[in-house]
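Let's take a friendly walk through this structure, with the ligand surroundings, the helix contacts and a few backbone details as our stops. Please have the viewer ready.

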Amino acid sequence: MSQAIKRVLITDPIDKQFVESLRGHGLEVNEKKLSKEQLLVDCRLRLPVLKLIGRAGTGVDNIDVPAATKQGVLVMNTPGANTISAAEHTCALILALSRQIPQAQASLKAGRWDRKLFMGNEVQGKTLAILGLGRIGREVATRMKSFGMTVVGYDPVIPANVIAEFGVKSLSLAEIWPVADYITVHVPLLPETENLINLEVLKKCKKSVNIVNVARGGIVSEPDLLAALKEGLTGGAALDVFTEEPPVSAGLLELLQHPKVICTPHLGASTVEAQERVAADLAEQIGQFITTGKAAGF
Ligand code: NAD
Ligand code: MLT
């Protein structure tokens, strides 16, 4: 059964192949960059005819999926299409933390020659703890193992023998905190994972521990991380995602300005390859839905 989807509104820039592919299916496609407020107004107006929300990315935490389902609106996303990019970005941040590359570059560009100040550490022989061993977590594991890191991890769903297949030793969280030199989170943002890394946890970790968050803002408590950095309880942090994007509140800006924090503006999936893949994946799913009436996996 063919689905009566006629018009598609694109509210965030997406690879042009996506537009071409949908037009190839005879759909009318409009591109309009909308603020969150405008998007809400637009969605309310369109709600009676809204059939599908497509997310060209992994996380659907910015979509009220139960409410959409209640309204009969199908939600599609593209898990997996940006996995490698997010994993590579995580590895780049771990290495940048170990050698303070962003801080050293800023110093040199400001005219200084601070070779002693930027003494780094090798990652070889250090322990990397990965919380969440799904698509991205396991790609980070295999890459960082090739740098000679000991990789341990925790995932309540993936069995220890499966975790061992990609070279990771499964430990409990209580076992992880005192041994980790780096902790990277690769879990969805859920009530159970919000503030997974908090002040109480940071107090149980090594004072030199580095925290990496390329998953979602709020999995690492931003106020607690700032407090721990100020108290010298934590060695450093690399953050790609934030509770506010872009960050505006004073506390969050203070965290970003901290000399031991390196940060990127949610760039985990920002590669040509990932953006092509998410666009192609979403176009294929929508194409399948309008021609067969079935969503992928159903
Ligand atoms: P995934 O679903 O493949 O893996 C998540 C894993 O987390 C699962 O194996 C699950 O069992 C595990 N998990 C759930 N609750 C847990 C808990 N309390 N403790 C430990 N593990 C737990 O997801 P993924 O594709 O690997 O994505 C991971 C995260 O990265 C998501 O938050 C996603 O939104 C984010 N992401 C960010 C970017 C970026 O641009 N920064 C890009 C892609 C994905
Ligand atoms: C995702 O959920 O896929 C990432 O956070 C990337 C993005 O939102 O663009």
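## A question to begin with

Is His266 buried, exposed or partly exposed? Keep in mind that the model is a predicted one. With 17 other C-beta atoms within 10 Å, His266 is partly exposed. In the chain, His266 sits in the loop between strand S11 (261–263) and helix H12.

## Backbone details

His266 also deserves a look for its backbone: its phi is positive, about 50°, although His266 is not a glycine. Gln100 is another non-glycine residue with a positive phi of about 50°. Gln100 is found in the loop between helix H4 and helix H5 (101–109). As for its surroundings, Gln100 counts as buried because it has 21 C-beta neighbours inside 10 Å, and the cut-off for buried is 20 or more.

There is a cis peptide bond to inspect as well. It joins Glu245 and Pro246, with omega at about 0°. Pro246 belongs to the loop between strand S10 (236–239) and helix H11 (250–257).

## Around ligand 1

Ligand 1 is surrounded by 32 residues, and the closest are Gly59, Gly132, Gly134, Val157 and Gly268. Two elements give two or more residues to this shell, namely helix H4 (83–99) and helix H6 (135–145). H6 supplies the largest share, three residues.

What is the make-up of the shell around ligand 1 in nonpolar, polar and charged residues? The shell divides into 16 nonpolar, 11 polar and five charged residues.

## Helix H1 against helix H12

Now for the helix contacts. Helix H1 (residues 16–24) and helix H12 (residues 272–292) have axes that come within 8 Å and cross at roughly 15°. H1 is therefore roughly parallel to H12, as angles under 35 degrees count as roughly parallel. The crossing of these two helices is right-handed.

Which residues make this contact? From H1 come Gln17, Phe18, Ser21 and Leu22, and they meet Glu276, Ala279, Ala280, Leu282, Ala283, Ile286 and Gly287 of H12. Sorted by class, the contact of H1 with H12 has seven nonpolar residues, three polar and one charged.

## Helix H10 against helix H11

Helix H10 (residues 222–230) packs with H11 at an angle of about 45°, and their axes are 10 Å apart. H10 and H11 are therefore oblique to each other. The crossing of H10 and H11 is left-handed.

On the H10 side, the contact is made by Glu222, Pro223, Leu225 and Leu226, while H11 brings Gly251, Leu252, Glu254 and Leu255. The classes in this contact of H10 with H11 are five nonpolar, one polar and two charged residues.

Terms used. Residues numbered from 1 in each chain as written. Chains lettered and ligands numbered in written order. Predicted model: local features only at pLDDT ≥ 70, side-chain atom pairs only at ≥ 80, totals over all residues. Axes fitted to C-alpha atoms, helices over the stretch in contact; angles between N-to-C directions. Helix = DSSP H or I, 4+ residues; strand = E, 2+ residues; numbered from the N terminus. Parallel < 35°, antiparallel > 145°, perpendicular 65-115°, else oblique. Left-handed = near helix turned anticlockwise from the far one by under 90°. Contact = placed C-beta atoms within 7 Å. Nonpolar A, V, L, I, M, F, W, Y, C, P; charged D, E, K, R; others polar. Near = placed C-beta within 6 Å. Buried ≥ 20, exposed ≤ 12 C-beta atoms within 10 Å, placed from the backbone.
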